[in-house]
Amino acid sequence: MTRSCGPSSPALALVLLAVLLGGVARAAEIVGGREAQPHSRPYMASLQLLPGRHFCGGTLIHPRFVLTAAHCLSNLNPLRVRVVLGAHSLQTSEPTKQRFRISRLFENSYDPKEKLNDVLLLQLDRPATLNAQVAVAQLPQQNQLLPHGTQCLAMGWGRLGTFEPLPQVLQELNVTVVTFLCRPQNVCTFVPRRSAGICFGDSGGPLICDGVIQGVDSFVIRGCATRQYPDFFARVSLYVDWIRSVLSNAGGEDGP
């Protein structure tokens, strides 16, 4: 799981992955993680259904735009969704929190059957006020690749395990980029030597590598933290040109 594939194995791995996609589950809670230092991830967004139930994560990439997973709002009325920035605990009242409505959605040919292009841009009803607790994440270069073994950080407010309770505060987890069973459209991660990873109920959160958002939390295969399969993120570097085009055409103040 933690070694690169041999010359003939990528094609075989993709065939196996196509079979395994039948067991895909949406992601991702954080399993086996730790509490994040309060407000140390100021780009982190909580997507909530009225009257305040968290259901997905997201990443602020521009004062008026949040990047999340396309499947998060599939078959959902965006008028029922609120975006919360500046949060650490979702259960307590924090003066740092900023709440927004969604004014527009931007998809990029999302394919729910193949779990491809699982990215969605949310345009907020007004610009966020940027400060120490609310800030934008840096985008990668278009088509930037992540080498096997790259160390990254996943995060979210989802359950601590399939049958575990919701956390009181934002959780984060150190993960390693792997190439086994992955596709060019995804960034895949694994936690060696223990059961940890992303899980059900809190998709759309960021994968941060060297301070840059490289992935959007997308799906897991056959359960959470199984130690058999990597976790899958939409590869953000494939969409940077599209993102900048959306920001420009939508009248964003400046690029992220």
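## Basis of the model

Two strands are said to pair if DSSP finds at least two bridges between them, and helices (H or I, at least four residues) and strands (E, at least two) are DSSP runs, numbered from the N terminus.

Residues are numbered from 1 along each chain as its sequence is written, and side-chain values use heavy atoms, with hydrogens and water left out.

The chain averages a pLDDT of 85, and 79% of the residues score at least 70, pLDDT being the predictor's confidence in each residue, from 0 to 100. Over residues 1-9 the pLDDT stays under 50, and for this stretch the model has 17 contacts beyond four places in sequence, where contact means heavy atoms within 4.5 Å. Where pLDDT is low, the predicted coordinates should not be read in detail.

## Strand 4 and its sheet

Strand 4, which covers residues 44-49, is mostly covered, since six of its six residues are buried; buried means under 20% relative accessible area, exposed over 50%, and partly exposed in between (1.4 Å probe, protein chains only). On one side of the strand lie Met44, Ser46 and Gln48, on the other Ala45, Leu47 and Leu49, and both faces are covered.

Strand 4 has a partner in strand 5 (residues 53-62), to which it is joined by six bridges in the antiparallel sense, with Ala45 opposite Gly58. These two strands form a hairpin with three residues between them, and Gly52 in the turn has a positive phi of about 135°. Strand 4 also pairs with strand 7 (residues 81-85), antiparallel and over five bridges, and here Leu47 stands opposite Val83.

## Aromatic pairs

A search of the whole structure finds two aromatic pairs; rings of Phe, Tyr and Trp (its six-membered ring) pair if their centres lie within 6.5 Å, and planes under 30 degrees apart count as stacked, over 60 as edge-to-face and the rest as tilted. The rings of Phe65 and Phe106 have centres 6.2 Å apart and planes at 50°, so this pair is tilted. Because Phe65 lies in strand 6 (residues 65-68) and Phe106 in strand 9, the pair ties together parts that are 41 residues apart in sequence. Phe65 is buried, with a relative accessible area of 1%, and Phe106 is buried at 14%.

Phe219 and Phe232 form a stacked pair, 4.5 Å centre to centre with 10° between the planes. Phe219 belongs to strand 16 (residues 212-221) and Phe232 to strand 17 (residues 231-235), 13 residues apart, and both are buried.

## Disulfides

The structure holds three disulfides, a disulfide being a pair of cysteine sulfur atoms within 2.5 Å. Cys56 and Cys72 form one of them, with sulfur atoms 2.1 Å apart, and the link is left-handed, with -90° about the S-S bond. Cys56 sits in strand 5 and Cys72 in the loop between strand 6 and strand 7, 16 residues apart; Cys56 is buried at a relative accessible area of 4%, and Cys72 is buried at 6%.

Cys152 is joined to Cys209 (S to S 2.0 Å) in a right-handed link with 105° about the S-S bond. Cys152 lies in strand 11 (residues 151-156) and Cys209 in strand 15 (residues 206-209), so the pair ties together parts that are 57 residues apart in sequence. A disulfide also joins Cys182 to Cys188 (S to S 2.2 Å), and its torsion about the S-S bond is about 85°, so it is right-handed; Cys182 and Cys188 are both buried.

## Ile243 in helix 2

Ile243 is found in helix 2 (residues 240-249) and, at 0% relative accessibility, counts as buried. Not counting residues up to four places away in sequence, Ile243 touches Ile61, Leu67, Leu121 and Leu139. Ile243 and Leu139 are 104 residues apart in sequence, and their C-alpha atoms are 9.5 Å apart in space.

Technical notes:
Predicted model: local features only at pLDDT ≥ 70, side-chain atom pairs only at ≥ 80, totals over all residues.
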